[in-house]
Amino acid sequence: MAAPRENVSLLFKLYCLAVMTLVAAAYTIALRYTRTSDRELYFSTTAVCITEVIKLLLSVGILAKETGSPGRFKASLRENVLGSPKELMKLSVPSLVYAVQNNMAFLALSNLDAAVYQVTYQLKIPCTALCTVLMLNRTLSKLQWISVFMLCGGVILVQWEPAQATKVVCPFAISSPIPNFKS
């Protein structure tokens with residue numbers, strides 16, 4: 001039996017899209033600014049660790065609110081975290097990969113422009129699609145494949161700088177000072 005679909009308004013979807021876009025852009029710009037400023041640099045691993053601790057605390061807070069009582073909260077933690085170490089180990093692999101990815105983002109933003117980083121970062125979508133097809137034996141629709149190829153094409157176009165496009169030639173440029181023609 002399929003779960004009932006929740007009706008989410010278009011306005012809420014647009015709101016979520018706008019907020020997520022602003023957060024991603026602000027994160028990239030702030031990270032780029034802090035990594036290229038003249039002030040003393042901070043350790044990227046410390047920033048990633050603090051971010052993960054904040055997310056852990058927020059998740060625990062949300063779980064505590066959803067369970068409603070301290071007894072059910074403890075039971076939920078015992079059952080879902082401590083009671084299944086095999087599942088916890090399975091979750092640790094993507095967590096470690098995510099931590100490495102976040103550290104690499106700090107390294108990339110220290111050396112790339114924010115715009116180049118943001119566009120190149122979108123290559124994670126085609127990589128995920130390819131892994132989904134190859135590793136999980138899933139199929140993508142024709143529209144999904146077209147979308148993946150369009151995204152790759154967009155990334156290529158943004159990164160591509162032909163020699164003629166980068167050189168600006170002004171036919172009226174003056175290479176020497178204008179002579180003074182006073183009579």
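By class, 14 nonpolar, six polar and two charged residues line the largest pocket. Here Ala, Val, Leu, Ile, Met, Phe, Trp, Tyr, Cys and Pro count as nonpolar, Asp, Glu, Lys and Arg as charged, and the others, Gly among them, as polar. The model is predicted: local features need pLDDT of at least 70, side-chain atom pairs count only at pLDDT 80 or more, and totals for chains, interfaces and linings use all residues. Residues are numbered from 1 along each chain as its sequence is written, and side-chain values use heavy atoms, with hydrogens and water left out.

The largest pocket has a volume of about 520 Å³. A pocket is an open set of points on a 1 Å grid over the protein atoms alone, where a 1.4 Å probe fits, with protein on both sides within 12 Å along at least five of seven lines; lining residues have an atom within 4 Å of a point. Its volume is the space filled by probe spheres set on the points, which are joined across faces, edges and corners.

Of the 22 lining residues, Ala 24, Tyr 27, Tyr 98, Asn 102 and Tyr 121 lie nearest the centre of the largest pocket. Two or more lining residues come from each of helix H1 (10-36), helix H2 (44-67), H4 and helix H5 (114-121). Helices are DSSP runs (H or I, at least four residues), numbered from the N terminus. H1 gives the most, with seven residues.

Now look at Asn 102. It is found in helix H4 (residues 85-111). Asn 102 counts as buried because its relative accessibility is 12% (buried means under 20% relative accessible area, exposed over 50%, partly exposed in between, with a 1.4 Å probe and protein chains only). Leaving aside neighbours within four places in sequence, Asn 102 is in contact with Val 48 and Glu 52 (heavy atoms within 4.5 Å).

Glu 52 also lines the second largest pocket, as does Tyr 98. That pocket has a volume of about 220 Å³. H2 provides the largest share of its lining, five residues.

Finally, the rings. The whole structure holds four aromatic pairs (rings of Phe, Tyr and Trp, its six-membered ring, with centres within 6.5 Å; planes under 30 degrees apart are stacked, over 60 edge-to-face, the rest tilted). Tyr 117 and Tyr 121 form a stacked pair, 5.4 Å centre to centre with 25 degrees between the planes. They are separated by about one helical turn because they are four residues apart in helix H5. Tyr 117 is buried at 7% relative accessibility, whereas Tyr 121 is partly exposed at 25%.
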